[in-house]
Amino acid sequence: MTDTDERSKKTIEAEPLIIPDLFEGYPLNYFNLPLHYRNDLKSVLIPYGVVQDRIEALARRIFDDLHIGMPEQLICMCVLKGGYRFFSDLILKIQKDNRLRSDRSLPMSLEFIRTRSYVNDQSSDRLEIIGLSDLKTLKDKNLLIVEDIIDRGVTMATLKKEFEKFEPKTIRVASLITKRRKDKICVFKPDYCGFEIPDHFIVGYALDYNEYFRDLEHICILKESGITKYKVLLS
């Protein structure tokens, strides 16, 4: 058996792991959870170890899909804040392939951005992109946008449209999670996705609710009482 055949045999599935609608998660008492959050959580939807397995599969798929050689680089762009944990682990796993593969490697550069709507808090067809000093540098470059979760997909669709104005060679999007919304409305599908989940209110693994729960390792379903407890009251 050739090295290529052996690698193919060992590669785990890189398509999204689909979590069924009826699955309500694992009981909390099977997991180590921070004391300050235990009463706010309903269940663990995706354990940390499963998250890492999915990211490893995505890293391998990205590595195999993108054939880029020096002096070119893949510009890996993290959408902050929620995407930082997924981004960090994804890059580490691609770097592992760079160290261990003897046939080729994938050069990367790293960028970090935040987005803000121009029209109050409503989704709009324009975004302010914060973090890159000169978007013109994206021309003829290969771009990978890394996001934590795609819900309706409006922000990501708008962000990709904004980047396309600067004529990158390629744009791909990796999202750890996509939601199956009850209203069936989703306008964007990423190129790479770890999980497709039901329309639950989730937190953990840097997914926050009003800046809480980013320090929770597992991805959990939040109780209704937790939603109420951490809700920001607008004056």
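Predicted model: local features only at pLDDT ≥ 70, side-chain atom pairs only at ≥ 80, totals over all residues.
Residues are numbered from 1 along each chain as its sequence is written, and side-chain values use heavy atoms, with hydrogens and water left out. Local features need pLDDT of at least 70 and side-chain atom pairs count only at pLDDT 80 or more, whereas totals for chains, interfaces and linings use all residues.

**View A. The salt bridge between Glu-217 and Arg-85.** The closest N and O atoms of this pair are 3.5 Å apart, a salt bridge being a side-chain nitrogen of Lys or Arg within 4 Å of a carboxyl oxygen of Asp or Glu. Glu-217 lies in the loop between strand S9 (202-203) and strand S10 (219-222) and Arg-85 in helix H3, so the pair joins parts that are 132 residues apart in sequence; helices (H or I, at least four residues) and strands (E, at least two) are DSSP runs, numbered from the N terminus. Arg-85 is buried at 18% relative accessible area, while Glu-217 is partly exposed at 40% (buried means under 20%, exposed over 50%, partly exposed in between, with a 1.4 Å probe and protein chains only).

**View B. The salt bridge between Arg-101 and Asp-64.** Here the closest N and O atoms are 3.4 Å apart, and the pair links distant parts of the chain, with Arg-101 in the loop between H3 and strand S4 (108-117) and Asp-64 in helix H2 (residues 48-65), 37 residues apart. Arg-101 is buried at 13% relative accessibility, whereas Asp-64 is partly exposed at 32%.

**View C. The salt bridge between Glu-162 and Lys-165.** The closest N and O atoms are 3.0 Å apart; Glu-162 is buried at 11% relative accessibility, and Lys-165 is exposed at 53%.
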